[in-house]
Structures are given as structure tokens and as C-alpha cells.
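Please consult the sequence and the coordinates alongside the text.

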Number of protein chains: 2
Amino acid sequence: KMASPDEVGKAFLMHYYQTFDTSREALAPLYQAQSCLSFEGQQFQGPAAIVGKLTNLGFKTVAHQATSMDVQPTVAGGLLVFVCGNLVADGEAERPLKFSQAFHLMPGEGGAGYWVLNDVFRLNYG
Amino acid sequence: KMASPDEVGKAFLMHYYQTFDTSREALAPLYQAQSCLSFEGQQFQGPAAIVGKLTNLGFKTVAHQATSMDVQPTVAGGLLVFVCGNLVADGEAERPLKFSQAFHLMPGEGGAGYWVLNDVFRLNYG
């Protein structure tokens, strides 16, 4: 039985944020040469540039908690995964930051899971 | 000269929110049969269902103001447009609502502009 879009989205987010919150450099295999990241308006392309940015963010520890997820099919087997959530940086649990993020996942060759073609991250300032 | 992704995104958002804020039913031509809208977690497909939802939202007047826009190329000439902004419903200008929204635009046949394949809207509660 094929996983539903929601099941794929949920499994992806669990894997992505768990990896982000424990060992950001291990996110590299999720990106390919044409992958784009927009992080608070800054643009990066390809695994090295993207993971370079993510591993150099100005906090030591971080924990993401998704509060909503929307998933839609796109083209060529792709999925748009839209997340809103809270982010706790450096243990400041009393001051979580709100964020929203969109991932555009594409199926890997030969059924090898999904990779991230598009990644847009924005903090939502109160 | 072809418009850049940012130029397309900016022109699309201006047109989309101006139309939304003045005559929501006129948004129908932007959607096609396979278009999906996720609105606060509710899903709709096709122009009639999507515009039916948008014209039945619980406010009489609304004004969108985008505060950030990120645009990335996707596949088959598509563009991912990610917006954060403020929304004033029924003139409550002292209490704007924060929102984020992702549009996945696809080029029309024969250079006929872009249409919306994917549309995800979420309010960002403080």
C-alpha cells in the first residue's frame, strides 16, 4: 500500500526536524544540486550551500515543534508540505519563536524516498 | 525580456490580493480543475469549490498586506511563491491578523500567464 500524501508529509517532517535538532549536517542527503533554500529572505542553492547556512545559524541548540501541516500533490509526483510551528532556540522555552516553512518534495529515482527541491523558511514575528 | 521569478511573484500577489479584497468571485480564472486549496486545514479542489470557500469566509471586507515574499523555481516552469503578511478583516485595523500563504504557480498554455496549482493558507496565531 502506497503511503498517502499526509503520511509522507508527517514522516518527512518528523525525520527532517529530528535531524535538524540533533545533527544539522546530516540534512545534506535530502538536498540535490537544483535544491533551493530561502531562509529569512536569503537564498542558497545546492546541498553544500544550504547545509552550510543551516549549520551556521546563531544558536547552539534548537527544537522545532510543528503545530499544523498541510500537504498537497504538485507535479511529477511532488508534494507541497506547509508547516507552521514553534521553535525553541538555546533552551528559551518561555520564548518560543513562531515559524512557517514550505517544503516541495520530489520522489527519488527508483522509489528512493523523497528529496527537497524547494525549502522556504520564515519566522513569524508577533 | 522575460520577467524574473521575483517580478512574476510580485505581479501575481498584487493582482491576487487586489482581486481577493475587491471581488473574490473574480479569482476563479486563476484556478484549474486540479488546483488545490488548503484553508486553515480544510481542503478544496477545482475553481468552483475553491472560490465557493473564499466567497463564504466570515467577514464582509478584507485587506491583505504582504510583508515578505520568497519566490523559487520548481518544475515544468512552475514557481513557488511564499508570502507572510497582515490581514485586516472588517476594518479592524488595530487588530491585524498574521498569515502565511504558499502559491504554486504554473505557466499557462501558450504563454497565457500563470495559474494556481497549489494554494495553502494559514493564520499565524500570536
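## Sheet architecture and chain symmetry

Lys98(B) stands opposite Asn124(B) in β6(B). The two strands concerned, β5 (residues 97-107) and β6 (residues 114-124) of chain B, pair in the antiparallel sense over 10 bridges. Strands are DSSP runs of E of at least two residues, helices are runs of H or I of at least four, and both are numbered from the N terminus; two strands count as paired if DSSP finds at least two bridges between them.

This is a predicted model, in which local features need pLDDT of at least 70 and side-chain atom pairs count only at pLDDT 80 or more, while totals for chains, interfaces and linings use all residues. Residues are numbered from 1 along each chain as its sequence is written, chains are lettered from A and ligands numbered from 1 in the order in which they are written, and side-chain values use heavy atoms, with hydrogens and water left out.

In chain B, 6 strands form an open sheet with mixed pairing, in the order β2-β1-β6-β5-β4-β3. Its edge strands, each pairing on one side only, are β2 (42-45) and β3 (62-73) of chain B. From one strand to the next the twist averages 15°.

Helix α1 (residues 5-22) of chain B lies across β1 (31-39), β3, β4 (79-89), β5 and β6 of chain B. Contact here means heavy atoms within 4.5 Å. Axes are lines fitted to C-alpha atoms, for helices over the stretch in contact, and angles run from 0 to 180 degrees between N-to-C directions. Helix α2 (residues 47-55) of chain B also packs on the sheet, touching β1 and β2 of chain B.

Strand β1 (residues 31-39) of chain A pairs with β2(A) in the antiparallel sense over 4 bridges, and Phe39(A) stands opposite Gln42(A) in β2(A).

How are the chains related? A rotation of 180° with 0.0 Å of shift along its axis superposes chain B on chain A, with an RMSD of 0.0 Å. That is the relation of a two-fold axis. The superposition is by least squares on the C-alpha atoms of residues with pLDDT of at least 70 in both copies. Of the interface residues of chain B, 100% are also interface residues in chain A, so the copies meet through the same surface.
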